[in-house]
Amino acid sequence: MPRTPARLAAVVAAAALAAGCGITGTGVRPAGEPVQGGLTGKSGQLLRVYFVTTEGTWPVSRPAGSGGGVQEAMDALLAGPTADERARGLASQVPATNGQVRARTSGGRVELRLPWLVRDLPHLAVSQLVCTAAAGGDPVVEVYEPGMGDRSWEVRCDENGTAVPAGERGTS
């Protein structure tokens with residue numbers, strides 16, 4: 001008698017497996033137009049802007065305006081993170097300025113003209129500026145500081161989102 005419930009359970013399980021899940025094949029059916037929304041061919045490109053988290057720099061993507069160039073990305077960086085980005089823990093270490101940060105692509109390079117001396121900036125702020133500039137154009141960024149005339153120093157953004165001299169290939 002004790003085997004009867006076990007047999008009954010086995011028979012019920014076998015019947016369920018034999019019956020399948022009850023869904024029959026329907027073949028190919030038209031699904032209509034693809035989902036619309038977000039960025040489309042009409043809305044343009046994305047800007048990549050670097051902000052700061054407790055782990056270091058972090059890139060965010062934003063819809064580009066009509067230009068979508070490196071200066072637009074730099075302006076977005078200077079405006080700081082949006083309310084949603086701040087709620088996700090993103091911040092900026094780039095200080096406010098009365099001067100202008102100018103960025104443009106020229107001769108296959110990105111020129112970044114700063115109103116501050118780099119030595120006066122937090123390390124993460126330098127990485128934010130360089131990585132945002134590099135994302136908007138050539139990976140090598142020529143940085144110009146006040147009082148340096150036409151002399152620049154060349155940096156790039158490494159795979160960790162850190163500004164490093166252009167000749168270095170290792171990670172920081």
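1. Two strands count as paired if DSSP finds at least two bridges between them. Helices (H or I, at least four residues) and strands (E, at least two) are DSSP runs, numbered from the N terminus. On these terms, five strands form an open sheet in the order β3-β4-β5-β6-β7, and the pairing is mixed. β3 (102-106) and β7 (163-165) are the edge strands, each pairing on one side only.

2. This is a predicted model: local features need pLDDT of at least 70 and side-chain atom pairs count only at pLDDT 80 or more, while totals for chains, interfaces and linings use all residues. Residues are numbered from 1 along each chain as its sequence is written, and side-chain values use heavy atoms, with hydrogens and water left out.

3. The chain has four helices and seven strands, in the sequence pattern α-β-β-α-α-β-β-α-β-β-β. Of its 172 residues, 33% are buried, that is, under 20% relative accessible area with a 1.4 Å probe, protein chains only.

4. β3 pairs with β4 (residues 109-113) in the antiparallel sense over five bridges. Arginine 104 stands opposite glutamate 111 in β4.

5. Helix α4 (residues 123-135) lies across β4, β5 (140-144), β6 (153-157) and β7, at about 80° to β6. Contact means heavy atoms within 4.5 Å; axes are lines fitted to C-alpha atoms, for helices over the stretch in contact, and angles run from 0 to 180 degrees between N-to-C directions.

Key
Buried < 20%, exposed > 50% of the residue type's maximum accessible area, 1.4 Å probe, protein only.
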